[in-house]
Amino acid sequence: MTAVGSAAVGPAYPFALDQFQLDAVAALDQGHHVVVAAPTGSGKTVVAEHGIELARRSGRRAFYTAPLKALSNQKFRDLRQRYGPDEVGLLTGDNSIQGDAPVVVMTTEVLRNMIYGRSPGLAQLGLVVLDEVHFLQDTYRGPVWEEVIIHLPAHVQLVCLSATVSNTNELAAWIQTVRGPTTPVIELRRPVALHDRYLVGDRTNDRVHLMETFVGGRPNPDAARIDASAIRRGRGRIERPVRGSGRRVLYPPGRVETVELLAARGLLPAILFIFSRNQCEEAARSCLAAGLRLTDADERARIQAIVEVRLVGLGADDLDVLGFDEFLARLEAGIAAHHAGMVPAFKEAVEACFIEGLTKAVFATETLAVGVNMPARTVVIEKLTKFTGDHHEALTPGEYTQLTGRAGRRGIDDEGHAVVLWSPFVPFEQVAALAASRTFHLRSAFRPTYNMAANLVGSYSTEQAHHLLNLSFAQYQADRDVVRLEARIERTRTALAAARDGAESPYGDIWAHRRANEERRLARRGRADAITTALVRLRPGDVIHAAKGRYKGPVAVVAAAHRKGGMRLTTVTKRADLLLLTNDDFDETPHVTATVRLPTSFNPHLTGYRREVARALGGAKATGLRRRPDAARDESANPLHPVERDPDLRARMRAAGQAERLERELIELTGRVETHNQSLARDFDHVIAILARRGYVAIGEGPAGEWALTDAGRMLARLFHEEDLLVAECLRRGVLDGLGATELAGLLSTFVYEHRSPDPPAPPWFPSREITARWRSVVAVSDEVAADERASELGEHRPPDPGFVAAAYGWVAGDDLADVVADEELTGGDFVRTMKQLVDLARQVALVAPDPTTRQRAAEVADAAYRGVVADGVAGVANLAAEGP
């Protein structure tokens, strides 16, 4: 057994620690904060456990925070097995188990709320583990991580665990600025080597090629040649090859075909990432239908036992509507889907079976790549693009690294395998470049929220609040960016001065010459637009003046057509010749000088037709002809500028053009510096201004004549929700008062639900005219707030969505899951997740609503909604905690 840390402190492990773990442990022993950035599965948890042990031995509490409830539940189970059931608690949005234990696992939001609420549980806190700290770049949730780091009591030690990011030192330097000595610990080596593969289906030779992505550290030339041999035709479609051409018909291997190949090559268990819930289900379904059976009798018996424990809280009716029979049949065959549309109990069963090596092929969305410990021998990425809801975007290097981080089980596999399927839309060079890149730059998503602002007003002076904002990672990165921008500004100014010197001419003012040229160019552009307009208005039979080639004189228009470069006129001259004219043949706007009658049978290519038009043209009385200006008139209108006699004019004009470009760049860089320096403080001041106008903050009424929270502000400070201000406004205006529990549940659901499908939502359902009117009031309040945000140049809040009203109403009224899910065409996972968010909001409303009856109704909503499949998580976690290792 190798002890971690000093002889007096630290848990023991049956393996020697890696150097990065020893470095992090030594830093913790010195009292430093640590930021550990290492690949998935490398053993970052060892560092966290050492920190927890340090806190326990010193008589202080330790909090382990995680971004996801599933990850929190897993850590809760792991730490209970290590320290015992009486030593570890759990606090999430829907679980509260021994919250006063020495070690508590919680979501990051729970800790943030404890800090703002000045929870007495922080008094004996000695250490906080921030797992998956790279979540601070998440657009909505990211600010929570920064709030925790900034506002935690100064004596609390931090252990920050992150995926491998390219700016770990920057993150550690920021934490040191905010909290004191911080040691960055970086491990780039994967615990299990990664083997990149490229899987290509080849119909020409009726085979599948599993190729190395890299050979000798370079992209595999054979893979590049095979990819290049596919005939692509417009947007990736494949043509049939010509016999003997050496071209191939390539295709992305099918899912059943891929699993069979992995099984034959000994590359299972595998996670196959598909960025679509429906396609994950379809893939698992097709493998089962194809007769794939990847387990033996003993494994099937163990799978049944795991499922029985995980699903103990679900009744027969619930299991039936959730498709349990098919789910179990897949699991017993060693096949599963894993995505957010599944209820937690189903996902946990899949995870438990996979961890034990019972499930051999899991089709998963990218959510599986975050947090939950499910290593595989092989990871397959079906496509390197994913649909975001309104467009497709390519995987980033960070996302690719996160996905492939699951490949390779430490202590089991000598190497992990990352397999990318061939695609007609993505060339092999792009696949290789993504696999070779390890860049994952962490950017802060910190921004002031209404709740954050209310809590700052309630706790700090104006000066202190602005100081705390300046402590954010966003401002730290902005300041560093400003240094880089200032350096660019200095270089640009130097280059600008040199360009200006190079543009000076002894023959005259080159800048005046450029201005004159620009004015002439704009004038020509104006004339060109006028010419086009005039040509469009011409009709067959119109007579205009033309000058092209050797011909100058009147022409009769016989046809006009729109072309890419402008108009094209077919005309006939007085000599009965056909003359084609375009915009470029006119220096001035053509005017109609007469009209002629054209022959009834249109055929300008016939000599007789043209002669008849020419006779009519000769007899037409032309007036007001506009002649083409000759060169002499052009020269008199635009006399030669003195600098045009400069023999070096061309070089000086290039230098002048460069100077003008550098001036534009200088203005842009200066604006960016101002934006970096002011955006965060400006947004905060705008948030405060909105809160002041709406009666949440009283300016000039604080103890030092500064600011103070009103009663409404104190309510807002206790609302921790994405729609915090909208909910607070609806509560203040009585929009949620005087309702029954079912009706209140329906209205509260509009704040938590968001329709995400690319298909249009079904028409909303409301239980009564009164609730329809209340919904309109919610929309009106939302529109008011959005108008305030637009006027203040703040990001607009997400508008309320009535798509879950019927489901929330029915569930709180006591309807069965089958009725609710079937009626609304919801997946079980979506229903459970949204309902838990509704329960969380209802519990908050039960504490802060101004009207006591509304508080009571909100509590009834939370109690009535937290049943069956929605409450299954509590029983499941308790059962898991009771299990042995």
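This is a predicted model: local features need pLDDT of at least 70, side-chain atom pairs count only at pLDDT 80 or more; totals for chains, interfaces and linings use all residues.
When neighbours within four places in sequence are set aside, the contacts of Phe346 are Leu311, Leu314, Leu319, Leu322, Phe324 and Phe327. In soluble globular proteins, nonpolar side chains tend to be buried together.

## The open sheet

An open sheet with mixed pairing is formed by eight strands, in the order S6-S5-S7-S4-S8-S9-S3-S10. Strand S6 (96-97) and strand S10 (182-186) are its edge strands, each pairing on one side only.

Strand S3 (residues 33-37) and strand S9 (residues 157-162) run parallel and are joined by four bridges. Within this part of the sheet, Ala37 stands opposite Ser162 in S9.

## Helix H1 on the sheet

Helix H1 (residues 19-29) packs on the sheet and touches S3, S9 and S10. The direction of H1 makes about 165° with that of S3. After H1 comes Gly31, which has a positive phi, near 85°.

Phe20, Gln21, Ala24, Val25, Ala27 and Leu28 are the buried residues of H1. Because these residues cover an arc of only 160° around the axis, they lie on the same side of H1. Their packing partners are S3, helix H2 (44-57), S9 and S10.

Methods: Residues are numbered from 1 along each chain as its sequence is written. Side-chain values use heavy atoms; hydrogens and water are left out. Contact means heavy atoms within 4.5 Å. Two strands pair if DSSP finds at least two bridges between them. Helices (H or I, at least four residues) and strands (E, at least two) are DSSP runs, numbered from the N terminus. Axes are lines fitted to C-alpha atoms, for helices over the stretch in contact, and angles run from 0 to 180 degrees between N-to-C directions. Buried means under 20% relative accessible area, exposed over 50%, partly exposed in between (1.4 Å probe, protein chains only). The arc is that of the directions from the helix axis to the C-beta atoms.
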